[in-house]
Structure formats: structure tokens, C-alpha cells
Amino acid sequence: MIKINIQPEDFDVTSEIKSLRCRAIGAIATFSGIVRENSDSKSLISLTLEHYPGMSEKALDKIARQAMQEWPIESVRIIHRIGRLTPEDNIVFVGCASAHRHAAFDGCRFIMDFLKTDAPFWKAEETKQGTAWVSQRETDTSAKQGWLSGKK
Amino acid sequence: MRIYYFAWVRDHIGYSQEDIHCPETVKTISQLAAFLSQQSAGHAKAFDDLNAVRAAINQEFVNSDKSVKDTDEIAFFPPVTGG
């Protein structure tokens, strides 16, 4: 089962983990992305997240399906927040539920690595110096390339 | 065709979508970007460095040599930075 939400509202990690539980599940791996105050030594005031409505849901669904084809994963939960967020706010949640831990860990990491490069979201950072769009990180594209070349 | 712009591509152009009727010479994403860049100073700035712009056709990422047709939903945006 795949459940995806793109929303301005906050989410509760505990209740999301609870929603992934069932009798067939022995392992749930989760990732929580949180807005960090310091970025490149500048002090962040806020992040504003925008997305391509329609395409972002499809892109996340495709990534989740790829993970479920690669590993025996029962359920995937993805939540990505949009709008204005401030330091310590939740920004993204990925949960992967499986019978065993390896599929849950690998699936969760795979989904996050592909979310960074293959889902149409953009961040603008507000600092004292003004607001600027964030550039894509080389480490994000190389993380995805690692999966594609078999370096897991 | 309907064209959507996101993030700084939209900021340069000044609006988030437009309907364009392209000349028949526009057959690919890169030809469309070249055509659009002549529409205004903002468009020119948005498409100044084509290596910095990504595109989607009908909500799928595509390369710049991909064919476009009048009924397509096109989008131009910077490399993604979610998560």
C-alpha cells in the first residue's frame, strides 16, 4: 500500500508509524526531515517549499513503486510539506514497512535519495541577507547515481 | 500549449503559466525554450542558461531534445531541491 500526502499542515511521526503497523510487519524504518537553522553558515529565518501540483504526487508514487519492486516492502508512507516553514519544523516523512529490517532500511533510504532528485519540489531560503532559491546539491545527485550503478 | 513555470524561472518571467501558440518550426523542448526566450526580457533571463533549466512534458521529466506538440502540458523549472 502506498499513501502520499503533500500538505502545508504538520504531521505526527508517532501516529504515522502507528498507521504502518499490521500483523505482517516486523520492521518499520522511517526518515524525518527537519528544517535546519544553519545552512552554509547563514542563519535561516524560514524555508518556503513549492511544488508542481499533480506531477509531485505522481513522481513520489513512481519512486515508492520502484522501491516496492526492488524490496519486499508492504507499505510506504510519504508526507512532504509545502509552504513556509521555520527551523525545527517537520518537512518530510518517509516510512517503509516490511517483514524484515533490511528491506525497510534500504527502501526508506532509496525513497529519500530519489525524492531529492526526481520529485518536483523547490526550496527558497529566507535569511537576513534576503530570500534566495536553493541550488541542487552535488551530493544529492551522486546519492541517486549510487543506487543506479548498484553501489548500495 | 499550456506552459507552467516554477521557482526562479517563474520569478524571472513574472507569472506562473501561459498559453502559447507556437510556430511550426518549434518541434523540441530546446526549440521551445529558444522561442520563449524571445517573448520578453524576463523570459530571456529565465532561459539565459539552458543548462540550469529542467523541463517536463505532461508531468514527466524530459530531456531538451524531446518533441513537443500543441496539446502537451509543458513545464520549465530549476533542478529540484525538495526533501
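Is Glu88(A) buried or exposed, judged by its C-beta neighbours inside 10 Å? Glu88(A) counts as exposed, because it has 9 such neighbours. The cut-offs: buried is 20 or more other C-beta atoms within 10 Å of a residue's own, exposed is 12 or fewer, partly exposed is in between, with C-beta atoms placed from the backbone. This is a predicted model, in which local features need pLDDT of at least 70, side-chain atom pairs count only at pLDDT 80 or more, and totals for chains, interfaces and linings use all residues. Residues are numbered from 1 along each chain as its sequence is written, while chains are lettered from A and ligands numbered from 1 in the order in which they are written.

**View 1. Two residues with positive phi.**
Most residues other than glycine have a negative phi. Glu88(A) has a positive phi, near 80°. Glu88(A) sits in the loop between strand 6 (83–85) and strand 7 of chain A. Helices (H or I, at least four residues) and strands (E, at least two) are DSSP runs, numbered from the N terminus. Ala7(B) also has a positive phi, near 50°. Ala7(B) belongs to helix 1 of chain B. Ala7(B) is buried, because 23 other C-beta atoms lie within 10 Å.

**View 2. Helix 2 against helix 3 in chain A.**
The axes of helix 2 (residues 55–70) and helix 3 (residues 101–118) of chain A come within 9 Å and cross at roughly 150°. That makes the helix 2 and helix 3 pair of chain A roughly antiparallel. Axes are lines fitted to C-alpha atoms, for helices over the stretch in contact, with angles from 0 to 180 degrees between N-to-C directions. Under 35 degrees counts as roughly parallel, over 145 as roughly antiparallel, 65 to 115 as roughly perpendicular, and the rest as oblique. Helix 2 residues of chain A in the contact include Ala59(A), Leu60(A) and Ile63(A); those of helix 3 include Phe110(A), Ile111(A) and Phe114(A). Contact means C-beta atoms, placed from the backbone, within 7 Å. The residues of this helix 2 and helix 3 contact in chain A split into nine nonpolar, one polar and two charged. Ala, Val, Leu, Ile, Met, Phe, Trp, Tyr, Cys and Pro count as nonpolar, Asp, Glu, Lys and Arg as charged, and the others, Gly among them, as polar.

**View 3. Helix 3 against helix 4 in chain A.**
Here the axes of helix 3 and helix 4 (residues 138–148) of chain A come within 8 Å and cross at roughly 130°. Helix 3 and helix 4 of chain A are therefore oblique to each other.

**View 4. Cys96(A) in its surroundings.**
Cys96(A) lies in strand 7 (residues 90–98) of chain A. Cys96(A) counts as buried, because it has 30 C-beta neighbours inside 10 Å. Leaving out residues up to four places away in sequence, Cys96(A) touches Ala29(A), Ile73(A), Val76(A), Ala104(A), Gly107(A), Cys108(A) and Ile111(A).

**View 5. Where chain B touches chain A.**
The contact takes 13 residues from chain B and 20 from chain A. On the chain B side, helix 1 (7–13) and strand 5 (73–77) each supply at least two residues. That side of chain B has nine nonpolar, four polar and no charged residues. Phe6(B) touches Glu50(A), Tyr52(A), Trp122(A), Ala75(B) and Phe77(B), residues up to four places away in sequence not counted.
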